[in-house]
Amino acid sequence: MKTKLLADCAADLLDAAKLLREGQVVGIPTETVYGLAADACNEEAIQQIFSAKGRPADNPLIVHIAKTQQLAEIAASVPSLAQKLANAFWPGPLTMILPKHHQIPTITSGGLDTVGVRMPSHPAARALILLSGVPLAAPSANRSGYPSPTTAAHVMNDMQGKIAAVLDGGTCNVGVESTVIAFENEDTVRILRPGYVTEAMLRNVVPNVILDPAILQQLPQGQIVRSPGMKYQHYAPRAHVTLVKGSQEAFHSFVRQHVATDVYVLVFDEQDKIPDVSCLVYGATGEEQAQLVFSKLRELDDLGAKQVFVHAPNPNGVGLAVYNRLIRAAGFEVIQV
Ligand code: TXA
Ligand code: MG
């Protein structure tokens, strides 16, 4: 199959929507990361997503909608807190886990009786949902285990020949995937995956917010997880990644002791660069880091890096999402200096 590269223009949006209606898989831009989209109710199309990604069958997909009314076709029931959260954060990077409507096939929900739903804000994603006339199931458009894609070129790199088309909607603004939450009771939500919508932002709407322990820790083998995605290796480039926590001074002295060919470092800004060491900058604020982290991990592979020392981000606000992705990219190898 030759993968078509489509532009964010009316003719190509119509072309992409037609492919989606016909049960094909299309790489689509969202404000978070690119998604690998197909009709959420078409089992064969969903099977193609799992095959193209090499994704385990028990890892559920998020269903994307463009109008709040569509929620009633995806979720069997919507708690009033979910409605409040939708009003506050949609369209935007928040995914809510809700009881699954029987119209959503179990292949889409990875065999679970719940389903993740979100309304993306990227105009092209919204247009594709409306033009195709179907809710779109879409995981991140990387091959399973690799860093998520934030440009159409990243998607092409991973999916060339495996899917019908990629729609180029530019570089993703947010850069890390949506915040995923589950409902514990009528006034409590649990964050399963941190994202751009932070704990503090959720607290403006929800009385109680719990951070799932799996966000910052490796789960013991065999432990039951609330979100199947938590148990798989994630976001890892080919290079060996080590997360290094500590002050700039301590980080620099650690790196100087480990300089070798093919050793690279990922630092915050110009001041954090180390003379005579191959340095890439990924941002000084949580927002900047979120936007760049995945593309920098991919760039390190393109450069042939074998070992990467990443100056660990501050795990607060949006930084928690960045930290969560990086500890997984590092296979939980964290050094405190
Ligand atoms: O920003 C995003 O969320 C992107 C864009 C494309 O929308 N999508 C994305 O999908 O990140 P994916 O499949 O790469 O990650 C979805 C995560 C997985 O960790 C999955 O296990 C979890 O959400 N998830 C999905 N449905 C779930 C459910 N019913 N219960 C628990 N966890 C669920
Ligand atoms: Mg993913």
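This is a predicted model: local features need pLDDT of at least 70, side-chain atom pairs count only at pLDDT 80 or more; totals for chains, interfaces and linings use all residues.
Now step back to see the wider setting. Eleven strands form an open sheet with mixed pairing, and reading across it gives the order S1-S8-S2-S3-S7-S4-S6-S5-S9-S10-S11. Strand S1 (4-7) and strand S11 (208-211) are the edge strands, each pairing on one side only.

## Around strand S10

Is strand S10 largely enclosed or open? Six of the six residues in S10 (residues 188-193) are buried, so this strand is largely enclosed by the rest of the structure.

On one side, S10 pairs with strand S9 (residues 179-185) in the antiparallel sense, over five bridges. A hairpin of two residues joins S9 to S10, and Phe183 stands opposite Val189 in S10. S10 also pairs with S11: these two run parallel and are joined by four bridges. Here Arg190 stands opposite Ile210 in S11. Arg190 turns up again in a network of salt bridges that links it with Glu184 and Asp212.

## Salt bridges to look for

The whole structure holds ten salt bridges. One of them joins Lys4 and Asp15, with the closest N and O atoms 3.2 Å apart. This pair links distant parts of the chain, as Lys4 lies in strand S1 and Asp15 in helix H1 (residues 10-21), eleven residues apart. Lys4 is partly exposed, at 37% relative accessible area, and Asp15 is partly exposed too, at 26%.

Glu22 and Lys18 form another salt bridge, and their closest N and O atoms are 3.1 Å apart. Glu22 is partly exposed at 47% relative accessibility, as is Lys18 at 44%.

Glu299 is partly exposed, with 31% relative accessibility, whereas Lys296 is buried, with a relative accessible area of 15%.

## A positive patch on the surface

Which residues gather in a patch of positive charge on the surface? They are Arg143, Lys162, Arg238 and Lys306. Arg143 is found in the loop between strand S7 (136-137) and helix H6 (152-159). With 32% relative accessibility, Arg143 counts as partly exposed.

How values were computed. Residues are numbered from 1 along each chain as its sequence is written. Chains are lettered from A and ligands numbered from 1 in the order in which they are written. Side-chain values use heavy atoms; hydrogens and water are left out. Patches are made of residues with over 30% relative accessible area and no salt bridge: like charges are joined within 9 Å, nonpolar side chains (Val, Leu, Ile, Met, Phe, Trp, Tyr) within 5 Å. Accessible areas come from the Shrake-Rupley method with a 1.4 Å probe; for residues, only the protein chains shown count as cover. A salt bridge is a side-chain nitrogen of Lys or Arg within 4 Å of a carboxyl oxygen of Asp or Glu. Lys and Arg count as positive and Asp and Glu as negative; His and the chain ends are not counted. The place of a charge is taken as NZ of Lys, CZ of Arg, CG of Asp or CD of Glu. Buried means under 20% relative accessible area, exposed over 50%, partly exposed in between (1.4 Å probe, protein chains only). Two strands pair if DSSP finds at least two bridges between them.
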